[in-house]
Amino acid sequence: CFATLTVALALNLPVAVYGIDPKVLETMIGDGETEAALDLIDAEIASLASDPVDLLFARARVIDASGNTKKAEHAYRELITRYPARPEPYNNLARIYSAQGKLDQASSLLRAGLYTDPTYRMIFDNLTRIYAERAARSLSAALDPNDPKSDPSQPLETLNEIPTLSN
């Protein structure tokens, strides 16, 4: 699956900070061993005395790559609750919502993410994509109300995912 490959190639965990080799995680995800990858991340989180925000974010991305959307939504929501000043989980949860056709919720999350860092380019770009898609759907509905492309609940698959936390 392309999404799994994209996530696997972009985990970029800093090896110097954590004892997990990112290539091992990439291989595990690429081989469909997401549960084993999660176990590895969970073991590393449990062994840390410091704040594991990078690992929690990587964990959410592995869950997302596994296709468990409900669990990924929960993981990103938990990150937003614990680390409200980090823009990345807002973006990635918005990407999930946009793929489900929930463009209003996605745009709300992206706007909230922009409040955390108004210069975060990917969030701005994704919000622009949602606004453009909503405008196109409105125009399509105005020109032909029976056009299936004008349905506001259609999934939007073009939002970019943030691969790692910025420092």
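Among contacts in the chain between residues at least 6 apart in sequence, what percentage join residues at least 24 apart? I looked this up before anything else, keeping in mind that the model is predicted, and I noted that 57% of those contacts join residues at least 24 apart.

**Entry on the whole chain.** For the accessible surface I noted about 8700 Å², with 57% of it belonging to carbon and sulfur atoms.

**Entry on helix α4.** I took up α4, which covers residues 53-65, and checked its length: its 13 residues should span 18 Å at 1.5 Å a residue, and since the end C-alpha atoms are 18 Å apart, the two values agree. I next asked how many of the 13 residues of α4 are buried. The answer is twelve, so the helix is largely enclosed by the rest of the structure. In my list of these buried residues I have Leu55, Leu56, Phe57, Val62 and Ile63 among them, and the list also includes Asp54, Arg61 and Asp64. Just after α4 I marked Gly67, which takes a positive phi of about 90°.

**Entry on Thr34.** I placed Thr34 in helix α3, which covers residues 34-47.

**Entry on helices α6 and α7.** I looked up how α6 (residues 88-99) lies against α7 (residues 103-116), and recorded that their axes come within 8 Å and cross at roughly 170°. Because angles over 145 degrees count as roughly antiparallel, I wrote down α6 as roughly antiparallel to α7. On the α6 side, the contact is made by Tyr90, Asn91, Leu93, Ala94, Tyr97 and Ser98. On the α7 side, I listed Leu103, Gln105, Ala106, Leu109, Leu110, Ala112, Gly113 and Thr116. Sorting the residues of this contact by class, I counted nine nonpolar and five polar residues, with no charged residues.

Key
Residues numbered from 1 in each chain as written. Predicted model: local features only at pLDDT ≥ 70, side-chain atom pairs only at ≥ 80, totals over all residues. Heavy atoms only, no water. Contact = heavy atoms within 4.5 Å. Areas by Shrake-Rupley, 256 points an atom, 1.4 Å probe, with all protein chains shown as cover. Helix = DSSP H or I, 4+ residues; strand = E, 2+ residues; numbered from the N terminus. Expected span 1.5 Å × (residues − 1). Buried < 20%, exposed > 50% of the residue type's maximum accessible area, 1.4 Å probe, protein only. Axes fitted to C-alpha atoms, helices over the stretch in contact; angles between N-to-C directions. Parallel < 35°, antiparallel > 145°, perpendicular 65-115°, else oblique. Nonpolar A, V, L, I, M, F, W, Y, C, P; charged D, E, K, R; others polar.
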